[in-house]
Amino acid sequence: MSREDFPDEADLIQTRNLTESLKSNGVFEDILELQHRQKVLKRLESLYKEWLTELCEEMNLPQSVTEKVGGKIFPFGSYHLGVHTKGADIDALCVGPGFVERKDFFTSLFEKLKVQEEVKNIRAIEEAYVPVIKLSYDGIEIDLVFAQVALKSIPENLDLRNNQLVMGIDKRCVRSLNGYRVTEEILSLVPNVYNFRLTLTAIKLWAKRHNIYSNVLGFLGGVSWAILVARVCQLYPYATASTLVSKFFKVFSIWEWPVPVLLKEIHDSHLNLYVWDPRINVSDRCHLMPIITPAYPQQNSTFNVTPSTLAIMTEEMKQGHAITEEIRQKKAHWSKLFETPNFFEKYQYVLMEMKISIS
């Protein structure tokens, strides 16, 4: 490792400036708000454990099973990554033992939550790709998903990264589990979690300001942006956040899509689950911007990307690179990166093309 690999004084100053710019944009929660989120999650987990015990009693299971049933809620997504913004919702995974059925989660747990004084606007969306209970608990928006694992009880130290846990369970449970499993893998695969979080916070703000933060509209969702940032962190393990933001735009403004972005080599655990692999799956060869989730079964997180949205994102990356070069040369401030452009005026021709293809 050469001296050039280490950040110099200018890098550290730029990172301080970046942090101040993010603060001025109001992306960070204060300590009281963070503590409130933690309390809400603790209370929800307590209610979930209570419900599992009540369910065991209703099923007349042996007392030894009821006493040890356990139960655990695992937050995932932006909250678990440490990059959630003020007012953001929390994605949380409820893990239950093998004898608990999905219908129990959407009926009796739903009813238990519904009568809680702190719970508002609760609704169940069972038909979703990842079935979910949405609710507000004491002012915090929560998305609860459920996964059943082939165990009699759920211990506190359950390691959900164990691939054997996805063996023989239904696809909806696999999808629910993988929200957490992917988040955990990303955090384990970056060389410096603090630098990753600060960089991703900056990229998320930039993407939202530029209206390209949306999986549904054919751009990228939170997981895809996190994987891209994590890959840059792997390429530049000793860089500070300000340098990583600059490198992010440099790398992805010239990336030769459809070369996939991978955080680790794809490995098929042969548990009969669909794994993204264009060598075997013909449909995978059509993906324009493959960004592959790191947890088994590996999936492309960007299958909604179209030629039009890819063109928009590539152009935005190039402009992001030009702005960060100006910042590096002290010709501009970080605030310029987070300015909101007139997206519709800028991409009128592309949006017209998208409208024609939809109709």
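Me: How much space lies in the largest pocket?

Reply: About 1600 Å³. This is a predicted model, where local features need pLDDT of at least 70 and side-chain atom pairs count only at pLDDT 80 or more, while totals for chains, interfaces and linings use all residues. Residues are numbered from 1 along each chain as its sequence is written, and side-chain values use heavy atoms, with hydrogens and water left out.

Me: What makes something a pocket, and what makes it a cavity?

Reply: Both come from a 1 Å grid over the protein atoms alone: a cavity is a set of points where a 1.4 Å probe fits but cannot get out, and a pocket is an open set with protein on both sides within 12 Å along at least five of seven lines. Grid points are joined across faces, edges and corners, and the volume is the space filled by probe spheres set on the points.

Me: Which residues line the largest pocket?

Reply: There are 48 of them, and Y129, V130, G179, N215 and V223 lie nearest the centre. A residue counts as lining if it has an atom within 4 Å of a point. Elements giving two or more residues include β4 (132-137), β5 (140-148) and α8 (222-235), but α6 gives the most, with nine. Helices here are DSSP runs (H or I, at least four residues), strands likewise (E, at least two), both numbered from the N terminus.

Me: What about the second largest pocket, and which residues are closest to its centre?

Reply: Its volume is about 520 Å³. Of the 26 residues that line the second largest pocket, D11, A239, T243, K247 and R328 are the closest to its centre. Helices α1 (9-24), α9 (241-253) and α10 (307-328) each supply at least two lining residues.

Me: R328 turns up there; what makes its contact with E325 a salt bridge?

Reply: The rule asks for a side-chain nitrogen of Lys or Arg within 4 Å of a carboxyl oxygen of Asp or Glu. The closest N and O atoms of R328 and E325 are 2.9 Å apart, so the pair meets the rule. Both lie in helix α10, three residues apart, about one turn of the helix.

Me: Why is R328 called exposed?

Reply: Exposed means over 50% relative accessible area, buried under 20%, and partly exposed in between (1.4 Å probe, protein chains only). R328 has 52%, so it is exposed. E325, at 24%, falls in between, so it is partly exposed.

Me: How many salt bridges are there?

Reply: The count comes to 14. One of them joins D277 and R279 at 2.9 Å, N to O. D277 is buried because its relative accessibility is 11%, whereas R279 is exposed at 68%. Another joins K134 and D143 at 3.0 Å, N to O; K134 is partly exposed at 23%, and D143 is buried at 13%.
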